[in-house]
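This report describes the fold of one protein chain and then turns to individual residues. The sequence and structure are shown first.

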Amino acid sequence: MLKGYIPPFNATVVQKLLDQGALLMGKTNLDEFAMGSGSTDGVFGPVKNPWSYSKQYREKRRQKAQGESEAADCLIAGGSSGGSAAAVSAFTCFAALGSDTGGSTRNPAAHCGLVGFKPSYGLVSRHGLIPLVNSMDVPGILTRCVDDTAIVLGVLAGHDPKDSTTVQDPVKPFMLPSLTDVNKLCIGIPKEYLVPELSSEVRSLWSKAAGLFESAGAKVIEVSLPHTSYSIVCYHVLCTSEVASNMARFDGLEYGHRCDINVSTEAMYAATRREGFNDVVRGRILSGNFFLLKENYENYFVKAQKVRRLIANDFVNIFNSGVDILLTPTTLSEAVPYLEFIKEDNRTRSAQGDIFTQAVNMAGLPAVSMPAALSHQGLPIGLQFIGRAFCDQKLLTVAKWFEKQVQFPVIQLPELMDGCSSVFENEKLASVSLKH
C-alpha cells in the first residue's frame, strides 16, 4: 500500500535520534502493517533469523539431520518487528527501533537473542508511527545489551507536543545503576502463565531464573492475574476494531497505492484496498468492522474495554501488594523453522505468539524480554520482566542485574567471524564503550 511512499516528515523518535548524532542505516522488514508474530508476511518476503546461520545452531543441526535444504533450516525471526531484531542480531547495527502493540518488539528479541524493550505507554512519542492500535502502540527498542537500551531510551523518552498521550513531566536522561544485591526485591511469578502449550525447556528456564533471584536473596512469590485467560480474546477484539478504524485512511486518494479503475469512487476504493492490502490485513479489517457494527458494538467492543480494565487492575493489585517485578516467559518456545511456522494461519500464530506479551500493552506497562540461555538446539530463549507503569528505569536495572548473572553467549556467525575475529572479542567492550 505504501510502496514508493516518501514520508514528508520524520517520526519524533527518529528525529530525536538524529538530533543526538545517531546514524540511520535504513528501514527494516516487518509483517505488513505490523500484523503478525513471525515477520513472514512482509512484502519483501520472510525475515530470516540470523541464528539460522550461527555456529551454535548449525552444529546441533548437523548432529540431527543431513541433507536438508537451506529453506528447511531457515528460522523465523519473530514478529512483527523481525527485521529490526535480525539487523541487531547480525551485528549490522547497535540498536534498532520496532513497534510494540501486543509484543512485536519482545517476541523477535526472544527469538533473536536480544534485549527487546517496550516502554510504558506515554513515555515515548508515537508521532510518526503508523498506527495499528493507538491505545496500545509503543515504539520499542532492540539492542544487544541493557545499557544500550537505556542510552536509546534516555534519548527518546519525554513529552512531545505533537503527541497528546505522552507524559507531561520532564524526563531526565539516566545511567543505569549497577544493582549489587537484590535482597529488597520481590519477584512475582504469575501462575496463569504456566500454560499447557509452554515448551518444557522454557518452563525449566523460567523456574531456573526464579531460583537465581531467590538464591541471590530476592523474595520470589507466586501471584495471580485472574483475568489472564480472557486477555488474548479481549486483545483480538480491541486490536481488530482499532485496525479497521486506522486502515480507513488508506483509500487511494491522499497517498499510497491507487488502482487504475475509474468507474466510480467506491470501485476505486475497493480495488485499491484489495490490491494494496494482503489477506491478513484485509481479514483484520473485516473482523474489526464486524465488532464495530451498531448491533455488535455493545456485545464486543464495549465488553472488551471493560475486560481490558479488569486486566489492567490485576496488574495494579499485584504491584500494590508489594511485588516489584513480574517474571514470565516471552514466547512459548524458541524460534521455529519457517516452513513449520507457515503451516498455521497468521491469526492462530499471532494468538500463540502474543499469549504472554499482549496483556502488558493493554495495561500500558513497561516490559523487557531478556535473552536467558540457549536451548538444546542452540537457539536463544527469552524471559520477560514486567514493571510498574513509569518505573522503566527500575525495570531495566533489574534486567541489567539478570543479564550479568546469565552471561548470554554472543552469536557466532562463521562468515563474519573469519573476517573480524577481533571485533567479536571486543563485542562486549564495544557495547560498554558506548556508555562513556
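This is a predicted model: local features need pLDDT of at least 70, side-chain atom pairs count only at pLDDT 80 or more; totals for chains, interfaces and linings use all residues.

The secondary structure consists of 18 helices and eight strands.

The C-alpha trace extends over about 70 × 55 × 45 Å along its principal axes.

## Burial, surface and charge

Of the 436 residues, 53% count as buried. The accessible surface amounts to about 19,900 Å², and carbon and sulfur atoms contribute 56% of that surface.

The charged side chains comprise 41 positive and 43 negative groups. The centres of these two sets lie 3 Å apart.

## Ser89 in helix 4

S89 belongs to helix 4, which covers residues 82-89. The relative accessible area of S89 is 2%; because buried means under 20%, S89 is classed as buried.

The side chain of S89 reaches the backbone oxygen of C112 at a distance of 3.3 Å. Leaving aside residues up to four places away in sequence, S89 touches P50, W51, C112, L114 and I411.

The peptide bond leading from G79 to S80 is cis, and its omega is near 10 degrees. S80 is located in the loop that links helix 3 (70-73) and helix 4.

## Two residues with positive phi

S39 is not a glycine, yet its phi is positive, at about 55 degrees. This residue lies in the loop between helix 1 (12-19) and helix 2 (55-64). S39 has a relative accessible area of 0% and is therefore buried.

F390 also has a positive phi, near 65 degrees, and is likewise a residue other than glycine. The loop that holds F390 runs between strand 8 (380-386) and helix 15 (392-406). With a relative accessible area of 45%, F390 is partly exposed, whereas S39 is buried.

Notes
Residues are numbered from 1 along each chain as its sequence is written. Side-chain values use heavy atoms; hydrogens and water are left out. Helices (H or I, at least four residues) and strands (E, at least two) are DSSP runs, numbered from the N terminus. Buried means under 20% relative accessible area, exposed over 50%, partly exposed in between (1.4 Å probe, protein chains only). Accessible areas come from the Shrake-Rupley method with a 1.4 Å probe; for residues, only the protein chains shown count as cover. Lys and Arg count as positive and Asp and Glu as negative; His and the chain ends are not counted. The place of a charge is taken as NZ of Lys, CZ of Arg, CG of Asp or CD of Glu. A polar contact is a pair of N or O atoms within 3.5 Å; within protein, one must be able to donate a hydrogen and the other to accept it, and residues adjacent in sequence count only if both atoms are side-chain atoms. Contact means heavy atoms within 4.5 Å.
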